[in-house]
Amino acid sequence: MRAIKDSVHDWVEVDGVAEALLDTPAVQRLRHIKQLSTIRLVYPSANHTRFEHSLGVYHLADRALDYLGVTGARADTVRAAALLHDIGHGPYGHQTEGIIQRHLGRHHDDVAHLLVDGDIGAVLREHGLDPERVAATVRGDGKLGQLVAGELDVDRMDYLVRDAHHTGVPYGTIDYGRLLRALAFRGDDLVLAEGNVATAESLLVGRALMNATVYRHHVSRIAGAMLDRAGERLLDAAALDPEAFARMTDAELLGALRERDATADAARRITDRDLYKRAVWAERGDVPDGVVDADYAAVREFEREIADTAGVPEREVVVDNPGRPSMPESSVRVVVGDDVRPLHEQSPLVQGLQESQRVQWRFGVYAPAERVPEVAAAAERVLGLDAVGDTSEQ
């Protein structure tokens, strides 16, 4: 057994298959992927890594299994999946996920290719576990997979409290101890036991407030959108293998961006926090449905049209379309009397949170500070919306 001091959970005890997995290269790589990627440009202390988070998810999964009375190989499968759930992330985590999906056709929780062969597969087999089943659990498949990837998963519980701790923002400090103790199965569904509607509501409130103040902060959105476009140019300019791109660390990606003429300016801007500014920052009611529902290819075409209309280089226009707002946690199942109900059917508070998401929603168009006026005017014409310039400090 190995005892590891953690900033959130105090001592995390790791043994068995999880201890054996700790020193595999794929898990150690997570030390070099920041949990909050470009959000640390807003909150300077948010420098925690996906390695720490993975340990926390393992710890909470271990506690949940104890409360649920799950033992043996089934429990070890969940413990392994919890520790390994983030190994499929690319550099800068979610900020490059779109690039990996477009080029490789997989989400970060599609990790079978990393588990079946190599060091991880060997460790899992040595402990009597099926790598394919562990990979399925990471995806959230099966009854116990809901603990790792679902509306009540321990992944969400850890990142909310961990991100709140490291940013200094108090809103994500949910009572995960109560949540873990309230977990139960009704048939194959993971639910919260009777008397825990408020417990479920607290999870949604925490997530909604963290979205507003941390996860969707406009500075992080600008940097993330710039990083996405620079990553695409890197793959084009360097003829880089997408698989190699997907296994980079944060530092390796930034170094690769610096080395190419097509991406060097983006790397400098991200490093120096000399980011593009908001030429448009529009509310939901000001953006046509056709723009809100536009896919990535259409968004890139918008960028080309706006740049052409404004008379600026294409790379100096970034359109940031967040898509329609959603709140998957609102479908958390809670026991009420003899019934199991989705939370949104039981809680009026959920309706208010959903409306809050709609009010907070923003569509962005970004450009270098000196290009903002012409890009704002061009975006208004091309997209059929009222441009909302922003000259405040960013």
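How many cavities of 30 Å³ or more does the structure hold?

1. This is a predicted model, and the structure holds 4 cavities of 30 Å³ or more.

2. The largest cavity is lined by Met226, Arg229, Arg233, Ala262, Thr263, Ala264, Asp265, Ala266, Arg269, Tyr276, Arg315 and Val318. Two or more of these lining residues are given by each of helix 13 (218-237) and helix 16 (264-272), and the largest share, 4 residues, comes from helix 16. Sorted by class, this lining has 6 nonpolar, 1 polar and 5 charged residues.

3. Around the second largest cavity the lining consists of Gly88, His89, Gly90, Gly93, Glu97, Ile100, Arg106, His107, His108, Asp110 and His113. By class, the lining of this second cavity has 1 nonpolar, 7 polar and 3 charged residues.

4. Turning to helix packing, the axes of helix 4 (residues 72-84) and helix 8 (residues 131-139) come within 9 Å and cross at roughly 60°. Angles of 65 to 115 degrees would count as roughly perpendicular and those under 35 as roughly parallel, and helix 4 and helix 8 are therefore oblique to each other. The crossing of helix 4 and helix 8 is right-handed.

5. Where the two helices meet, helix 4 contributes Thr77, Val78, Ala80, Ala81 and Leu84, and helix 8 contributes Arg133, Val134, Thr137 and Val138. By class, this contact of helix 4 with helix 8 has 6 nonpolar, 2 polar and 1 charged residues.

Technical notes:
Residues are numbered from 1 along each chain as its sequence is written. This is a predicted model: local features need pLDDT of at least 70, side-chain atom pairs count only at pLDDT 80 or more; totals for chains, interfaces and linings use all residues. Side-chain values use heavy atoms; hydrogens and water are left out. On a 1 Å grid over the protein atoms alone, a cavity is a set of points where a 1.4 Å probe fits but cannot get out, and a pocket is an open set with protein on both sides within 12 Å along at least five of seven lines; lining residues have an atom within 4 Å of a point. Grid points are joined across faces, edges and corners, and a volume is the space filled by probe spheres set on the points. Ala, Val, Leu, Ile, Met, Phe, Trp, Tyr, Cys and Pro count as nonpolar, Asp, Glu, Lys and Arg as charged, and the others, Gly among them, as polar. Axes are lines fitted to C-alpha atoms, for helices over the stretch in contact, and angles run from 0 to 180 degrees between N-to-C directions. Angles under 35 degrees count as roughly parallel, over 145 as roughly antiparallel, 65 to 115 as roughly perpendicular and the rest as oblique. A crossing is left-handed if the near helix is turned anticlockwise from the far one by less than a right angle, and right-handed if clockwise. Contact means heavy atoms within 4.5 Å.
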